[in-house]
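Here is a friendly briefing to read alongside the model. Keep the viewer open and follow the topics in turn.

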Amino acid sequence: MKVLANDGISKSGIIALEKGGFEVITTKVAQEQVANYINKNAISVLLVRSATKVRQDIIDNCPTLKVIGRGGVGMDNIDVDYAREKGIHVINTPASSSESVAELVFAHLFSGVRFLHDANRNMPLEGDSNFEGLKKAYANGIELKGKTLGIIGFGKIGKAVAKIGLGLGMRVIASDKFVGNAEIKVDFYNGQFINVDIVTEPMEDILRHSDFISLHVPAQDGYVIGKEEFEQMKDGVGIINASRGGIINEVDLIEALDNGKVLFAGLDVFEEEPTPAVQVLMHPKISLTPHIGAATLEAQDRIGIELAEQIISLLKSDI
């Protein structure tokens, strides 16, 4: 049986699938040619990340397809319910990338509170001619320790963010429509750990009390954060979005950055991908990454192995 990993898969995932009796194809097929390629090559399993979209046209026109796998958490690029109605298994890897995304959140937080995103733009241009001026411009840094971190969306990734925040000595508060409370286990290198109980709160409380806000919600209709929500936040708040583009109104974000309501933002995802708005890309108060939350070697290894294990379990009787 053949597996098309159209958005790539780790070497460890390939090895696991091949040991399980599958042929793995990593050819990158253009979106408009995916259905034709699947049919021409009798593909049984289609693996994607966020780039390839698996809509009804592919599902309807590919009778050999038995499994659609998403390497990551969100499956908004797949018509999940429709595929399952057609008897196709749809799988993902919700736990494999949590730590990687959480660490990227803090990369943006550390960048924002010490102006690294802007310093790294300006030091190559002015470091030799305006060193003292830049030193003064970036002299008002902020420590994360002791500050309040608000997490909106308290699933696996939100909880991983909470662990790091607690480890740094931050006060962590969270909001989630479906999670009432959670015990967060903070592990240390020598086997010691602490458990911290966090009871979720209404989102309005998170907006009012947080020094920094990190978003971890799925794609949805409408914005989670817009003008009204920004107005409820503390002055000088920092906001990070490493979940899904389109949950922050970017026009309202730019306004909040310009008027000082928001001190900085860190964005890994954007309303318009892969062509984010120029106003966002050029703004000096935004730390930017190109949707790489899960893009660590460790996470990709875990994702590949987890996908392989699920596929082998689902289809072993057909091999």
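In this predicted model, Lys-185 sits over the face of Phe-193, 4.4 Å from the ring centre.

**A nonpolar patch on the surface**
- Phe-188, Tyr-189 and Ile-194 make up a nonpolar surface patch, and together they have about 390 Å² of accessible area.
- Tyr-189 counts as exposed because its relative accessibility is 83%, and the cut-off for exposed is over 50%.

**Aromatic pairs**
- Searching the whole structure turns up two aromatic pairs.
- In one of them, Phe-212 and Phe-264 have ring centres 6.1 Å apart and planes at 40°, so the pair is tilted.
- Phe-212 is part of strand 10 (residues 212-215) and Phe-264 is part of strand 12 (residues 262-267), so the pair ties together parts that are 52 residues apart in sequence.
- Both Phe-212 and Phe-264 are buried.

**Salt bridges**
- Lys-86 is bridged to Asp-60, with 4.0 Å between the closest N and O atoms. This pair links distant parts of the chain, 26 residues apart: Lys-86 is in the loop between helix 4 and strand 5 (89-92), while Asp-60 is in helix 3 (residues 56-61).
- Lys-86 is partly exposed at a relative accessible area of 49%, and Asp-60 is partly exposed too, at 42%.
- Arg-208 and Asp-205 form a salt bridge through their side chains, at 2.4 Å from N to O.
- As a general point, an α-helix has 3.6 residues a turn, so residues three or four places apart point the same way.
- Arg-208 is partly exposed, with 42% relative accessibility, whereas Asp-205 is buried, with a relative accessible area of 19%.
- Lys-227 and Glu-255 form another salt bridge, and their closest N and O atoms are 3.0 Å apart. Lys-227 is in helix 10 (residues 227-232) and Glu-255 is in helix 11 (residues 250-258), so this pair ties together parts that are 28 residues apart in sequence.
- Lys-227 is partly exposed, at a relative accessible area of 41%, and Glu-255 also counts as partly exposed, at 38% relative accessibility.

**Buried sites**
- Asn-77 is found in the loop between strand 4 (67-70) and helix 4 (80-85).
- Is Asn-77 buried or exposed? Asn-77 counts as buried because its relative accessibility is 4%, and the cut-off for buried is under 20%.
- Beyond its neighbours within four places in sequence, Asn-77 has contacts that include Val-48, Arg-49, Ser-50, Thr-52 and Arg-70.
- Helix 6 (residues 116-126) has His-117, Asp-118, Ala-119 and Asn-122 as buried residues.
- The cover over the buried residues of helix 6 includes helix 5 (98-113), helix 7 (131-137) and strand 13 (286-288).

**Backbone geometry**
- In general, most residues other than glycine have a negative phi, and most peptide bonds are trans.
- The peptide bond between Glu-273 and Pro-274 is cis, with omega about 10°. Pro-274 is in the loop between strand 12 and helix 12 (278-281).
- Ala-42 is not a glycine, yet its phi is positive, at about 50°. Ala-42 is in the loop between helix 2 (34-41) and strand 3 (43-48) and is partly exposed, with a relative accessible area of 41%.
- His-291, also not a glycine, has a positive phi of about 55°. The place of His-291 is the loop between strand 13 and helix 13, and this residue counts as partly exposed at 28% relative accessibility.

- Glu-309 is in helix 13 (residues 297-315) and is exposed, with a relative accessible area of 52%.
- The C-alpha atoms of Glu-309 and Pro-284 are 44 Å apart, and the two residues are 25 residues apart along the chain.

Terms used:
Residues numbered from 1 in each chain as written. Predicted model: local features only at pLDDT ≥ 70, side-chain atom pairs only at ≥ 80, totals over all residues. Heavy atoms only, no water. Helix = DSSP H or I, 4+ residues; strand = E, 2+ residues; numbered from the N terminus. Buried < 20%, exposed > 50% of the residue type's maximum accessible area, 1.4 Å probe, protein only. Contact = heavy atoms within 4.5 Å. Phe/Tyr/Trp six-rings, centres within 6.5 Å; stacked < 30°, edge-to-face > 60°. Lys NZ or Arg CZ within 6 Å of the ring centre and 35° of its normal. Patch = residues over 30% accessible without salt bridge, like charges linked within 9 Å, V, L, I, M, F, W, Y side chains within 5 Å. Areas by Shrake-Rupley, 256 points an atom, 1.4 Å probe, with all protein chains shown as cover.
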